[in-house]
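Here is a short report for someone meeting this structure for the first time. Look over the chains before reading on.

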Amino acid sequence: MDFIFEPWPWFVGGPLIALSLVLYFYFGKNFGTSTDFETLCTMAGAGKFSDYFKKDWKERDYGLMFALGLVIGGIIASNFLIPDQTVNLNPKSVQELTEIGFLNVGNQYFPDEIFSNEAVFSLKGFLILVFSGLMIGFGTRYAGGCTSGHAITGLSSLQFPSLLAVIGFFIGGIIAAWFIIPTIF
Amino acid sequence: MKNIKFLLLGIFFAIVLSKSQAISWFRFYEMFRFQSFHMFGIIGGAVVISAFFMQLFKRGIIKDTQGNLIKPKEKEKGFVRTIVGGTFFGIGWGISGACAGPIFVILGFKFLPALILLISALIGAFIYGLLSKKLPN
């Protein structure tokens with residue numbers, strides 16, 4: 001039972017992610033999470049503003065069930081399966097983040113500097129989240145997929161557009177981690 | 001309830017991501033700073049094993065529950081859309097430490113910030129939908 005409560009190494013996580021993808025396809029659907037953003041837009045009535053969203057969301061209800069499962073799984077994991085959220089980081093990462101003012105680096109999954117109520121209710125913290133969310137939602141639909149759809153499904157099925165998209169993901173992530181984060185904190 | 005299997009799969013996937021720390025902001029910071037193998041191992045491992053199964057799908061050795069050949073959707077081609085869209089996505093991912101799936105999972109950890117991320121991402125997807133015909137491919 002101890003295994004359940006300890007952090008899982010990469011060679012457990014990676015294969016189980018692959019298993020999730022295989023089951024998703026085995027159930028007859030295309031694996032990818034960011035399509036659900038579109039489906040949720042359609043449900044919220046976005047079809048009134050753009051033909052792009054004039055689709056039958058009921059044909060994609062499996063994706064919404066999957067997304068609901070993600071939320072339930074997150075609640076289960078956070079409450080029952082992770083007694084200790086310490087992340088065993090590279091000391092260099094800890095040092096860098098501490099130097100730009102992060103406290104308790106790696107003591108939990110999410111830094112208070114972005115995810116605490118205090119941060120969320122500050123103008124800066126709120127704008128950080130809104131800006132990130134806009135970039136994620138816009139970017140993934142423009143690129144045609146996210147980490148699951150492009151990086152895992154697309155790369156493993158040897159699709160060239162996915163390679164370009166993943167290169168883009170890393171250009172963006174490097175810009176964020178090397179330039180934006182040290183600037184805004 | 002034909003979709004109950006997707007609900008269960010979502011729960012499973014969320015637990016896998018949570019337990020392997022693949023939703024932790026710090027893990028993505030480390031990844032984009034190239035200071036740890038952990039996330040590369042997870043994503044790379046998932047890709048390599050999936051690639052093996054993709055070959056089995058392609059050859060019809062594994063079919064879906066209906067007995068149909070499994071064929072991943074072809075991604076839309078276009079240099080600008082994939083590179084620029086990907087870069088935008090990467091910036092959002094790099095700052096918030098959340099990509100599409102984990103946003104839903106993080107709702108179970110840090111509800112309010114994840115909800116702001118989700119609503120903003122939906123608005124972002126909506127803006128893309130409005131502009132989709134005008135943007136370069």
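Of the 137 residues of chain B, 58% count as buried. The model is predicted. Chain B holds 6 helices and 0 strands. From the N terminus, its elements read α-α-α-α-α-α. Its C-alpha atoms fill a box of roughly 40 × 40 × 40 Å along the principal axes. Among contacts in chain B with a separation of 6 or more, 38% join residues 24 or more positions apart.

Next, the interface. The contact takes 101 residues from chain B and 111 residues from chain A. On the side of chain B that touches chain A, these elements give two or more residues each:

| Helix of chain B | Residues |
|---|---|
| H1 | 4-19 |
| H2 | 25-32 |
| H3 | 38-58 |
| H4 | 79-96 |
| H5 | 100-106 |
| H6 | 111-131 |

By class, that side of chain B has 58 nonpolar, 30 polar and 13 charged residues.

One pair of helices shows the packing between the chains. Helix H4 (residues 61-81) of chain A packs with H1(B) at an angle of about 45°. Their axes are 6 Å apart. That angle makes H4(A) oblique to H1(B). The crossing of H4(A) past H1(B) is right-handed. The contact of H4(A) with H1(B) has 19 nonpolar, 5 polar and 1 charged residues.

H6(B) comes next. This helix has 21 residues. From its first C-alpha to its last, H6(B) reaches 30 Å, close to the 30 Å expected at 1.5 Å a residue. Its buried residues include Pro113(B), Leu117(B), Leu118(B), Phe126(B) and Tyr128(B).

Now a helix of chain A. How many residues of helix H9 (residues 147-156) of chain A are buried? The count is 10 of its 10 residues, and H9(A) is mostly covered. Among them are Thr147(A), His150(A), Ile152(A) and Leu155(A). The cover over H9(A) includes helix H2 (10-26), helix H8 (123-143) and helix H10 (160-184) of chain A. H3 and H5 of chain B also take part in that cover. After H9(A) comes Leu158(A), whose phi is positive, near 55°.

How values were computed: Residues are numbered from 1 along each chain as its sequence is written. Chains are lettered from A and ligands numbered from 1 in the order in which they are written. This is a predicted model: local features need pLDDT of at least 70, side-chain atom pairs count only at pLDDT 80 or more; totals for chains, interfaces and linings use all residues. Two residues are in contact if their C-beta atoms, placed from the backbone, lie within 7 Å. Helices (H or I, at least four residues) and strands (E, at least two) are DSSP runs, numbered from the N terminus. Ala, Val, Leu, Ile, Met, Phe, Trp, Tyr, Cys and Pro count as nonpolar, Asp, Glu, Lys and Arg as charged, and the others, Gly among them, as polar. A residue is buried if 20 or more other C-beta atoms lie within 10 Å of its own, exposed if 12 or fewer, and partly exposed in between; C-beta atoms are placed from the backbone. The expected span of a helix is 1.5 Å times one less than its number of residues. Axes are lines fitted to C-alpha atoms, for helices over the stretch in contact, and angles run from 0 to 180 degrees between N-to-C directions. Angles under 35 degrees count as roughly parallel, over 145 as roughly antiparallel, 65 to 115 as roughly perpendicular and the rest as oblique. A crossing is left-handed if the near helix is turned anticlockwise from the far one by less than a right angle, and right-handed if clockwise.
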